[in-house]
Each structure stands twice: as C-alpha cells, then as structure tokens.
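Student: I have a structure to go through. Can we take it step by step?

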Amino acid sequence: MLYEDQLKQAQPALSSFVRSRVFNHQDAMDVLQDINAVVLNKEDSYDKKQPFEGWVIGIAKYQILNYFKRTAKRQTSSLDCSPEPF
C-alpha cells in the first residue's frame with residue numbers, strides 16, 4: 001500500500017487521538033495539520049515492518065507535547081506583564 005494511502009487510512013484514529021487530548025477544536029485541527037506535515041516529511045524514516053498507525057500516533061504524541069509547550073509559553077508571557085501601580 002502506498003504511504004499516502006496509509007496516512008489517509010490512519011486519519012480517523014489520528015484525529016480521535018488528537019481531539020481526545022486537545023480540547024479546542026481549532027487548535028486540534030492545527031495540531032493534526034502539523035502532524036500530517038511531519039509524517040509526510042518523515043516518509044524515509046518509516047520502517048515498513050512496524051505498524052503504520054502506531055508510528056503515526058507516536059509522532060502525534062510529540063506534536064501534541066509541542067503544542068502544550070507552545071501554549072504554556074504563550075500564557076506565561078502574557079502573565080509576565082507587571083500590573084501598573086495604582
């Protein structure tokens with residue numbers, strides 16, 4: 001089966017996995033798009049002896065972790081603003 005076809009078949013499981021961890025719908029769709037881009041770029045590193053869906057979910061875990069790190073930094077930087085004195 002072609003790599004792109006395997007990725008297409010994995011989309012429902014991948015989408016469910018992301019949405020179960022990223023609750024904001026738009027953010028979940030952005031993370032899913034990032035995951036798909038990474039998976040497409042890593043085609044050469046895929047070991048055909050391993051289950052494709054499990055490999056993609058492994059990539060998804062790291063991309064979701066990246067998402068949480070980015071959002072935490074964004075929230076922290078918005079909290080860093082010191083209030084003006086009265």
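Tutor: Start with a definition: buried means under 20% relative accessible area, exposed means over 50%, and partly exposed lies in between (1.4 Å probe, protein chains only). This is a predicted model, where local features need pLDDT of at least 70, side-chain atom pairs count only at pLDDT 80 or more, and totals for chains, interfaces and linings use all residues. Residues are numbered from 1 along each chain as its sequence is written, and side-chain values use heavy atoms, with hydrogens and water left out.

Student: Is Asp34 buried, exposed or partly exposed?

Tutor: Its relative accessibility is 32%. Buried needs under 20% and exposed needs over 50%. Asp34 therefore counts as partly exposed.

Student: Which side chain does Asp34 meet in a salt bridge?

Tutor: A salt bridge is a side-chain nitrogen of Lys or Arg within 4 Å of a carboxyl oxygen of Asp or Glu. By this rule the count comes to one. At 3.8 Å, N to O, the partner of Asp34 is Arg70.

Student: What is the relative accessibility of Arg70?

Tutor: Arg70 counts as partly exposed because its relative accessibility is 40%.

Student: What is the order of elements from the N terminus on?

Tutor: Helices (H or I, at least four residues) and strands (E, at least two) are DSSP runs, numbered from the N terminus. The protein has three helices and zero strands. The order is α-α-α.

Student: Which residues does Val38 contact, leaving aside neighbours within four places in sequence?

Tutor: Val38 is in helix 2 and, at 21% relative accessibility, counts as partly exposed. Contact means heavy atoms within 4.5 Å. Val38 and Gln63 are 25 residues apart in sequence, yet 8.8 Å apart in space, C-alpha to C-alpha. The contacts are Ile59 and Gln63.

Student: Which residues form the negative surface patch?

Tutor: Patch residues have over 30% relative accessible area and no salt bridge; like charges are joined within 9 Å, and nonpolar side chains (Val, Leu, Ile, Met, Phe, Trp, Tyr) within 5 Å. Asp and Glu count as negative. Asp44, in the loop between helix 2 (25–41) and helix 3 (52–79), is exposed at 79%. The patch is Glu4, Asp5, Glu43 and Asp44.

Student: What share of the 86 residues is buried?

Tutor: Apply the under 20% cut-off for buried. Across the 86 residues, the share is 28%.

How values were computed: Accessible areas come from the Shrake-Rupley method with a 1.4 Å probe; for residues, only the protein chains shown count as cover. The place of a charge is taken as NZ of Lys, CZ of Arg, CG of Asp or CD of Glu.
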